Amino acid sequence: MAAVEIVSFGFLHGAPPPAHLTLDLRHHFRDPHVSPELRYMTAHDKAVRDAVLDTSGITNLIEAAVYAVAAFAVGPSAGTVTVAIGCAGGRHRAPTVAMALGDLLTVAGYAVAVDHRDIGEPVVQR
């Protein structure tokens, strides 16, 4: 199976990394940042992961991304398939989706590396 690199990031911390597939979660999925009790947490916290994964449509998107990665992986060029997943600050939605996608791809037999570029950045005040 192909190797897959998944990078979560925050658009407010810089440009998206180069990728075969980029998922922008900013406008279509509820942001845990708006909940004061979740704002300073990250995707390393179960409450954040639960809030993100309970958002309507998010699991459909993750499953669709698995199929998209599979399509890139069987394409004519060899090499690692890179997926970039972005939200506003890179602390909640993007890393949660990156972890969930990584878990599904690992179960499917892909060699997966997940990097959270901006999860340690300070909370963006907005």
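How much accessible surface does the chain have, and what share of it belongs to carbon and sulfur atoms? I looked this up before anything else, keeping in mind that the model is predicted. The accessible surface comes to about 6400 Å², and carbon and sulfur atoms hold 57% of it.

**Fold.** Starting at the N terminus, I read their order as β-β-α-α-α-β-α-β. The radius of gyration is 14 Å, close to the 14 Å that the globule rule gives for 126 residues, so I can call the chain as compact as a globular protein of that length. I also noted the box that the C-alpha atoms fill, roughly 45 × 25 × 20 Å along the principal axes.

**Packing.** Of the 126 residues, 44% count as buried. Among contacts with a separation of 6 or more, 81% are between residues 24 or more positions apart.

**Charges.** My next entry concerns the 9 positive and 12 negative charges of the chain. I find their mean positions 6 Å apart.

**One residue up close.** I picked Thr-96, which sits in helix 4, residues 93-107. Is Thr-96 buried or exposed? Its relative accessibility is 1%, and buried means under 20%, so Thr-96 counts as buried. Which residues does Thr-96 touch, leaving aside its neighbours within four places in sequence? I list Ala-43, Val-48, Arg-49, Val-52 and Leu-53 as its contacts.

Technical notes. Residues are numbered from 1 along each chain as its sequence is written. This is a predicted model: local features need pLDDT of at least 70, side-chain atom pairs count only at pLDDT 80 or more; totals for chains, interfaces and linings use all residues. Side-chain values use heavy atoms; hydrogens and water are left out. Helices (H or I, at least four residues) and strands (E, at least two) are DSSP runs, numbered from the N terminus. The radius of gyration is taken over C-alpha atoms; the globule rule is 2.2 Å times the number of residues to the power 0.38. Buried means under 20% relative accessible area, exposed over 50%, partly exposed in between (1.4 Å probe, protein chains only). Contact means heavy atoms within 4.5 Å. Accessible areas come from the Shrake-Rupley method with a 1.4 Å probe; for residues, only the protein chains shown count as cover. Lys and Arg count as positive and Asp and Glu as negative; His and the chain ends are not counted. The place of a charge is taken as NZ of Lys, CZ of Arg, CG of Asp or CD of Glu.
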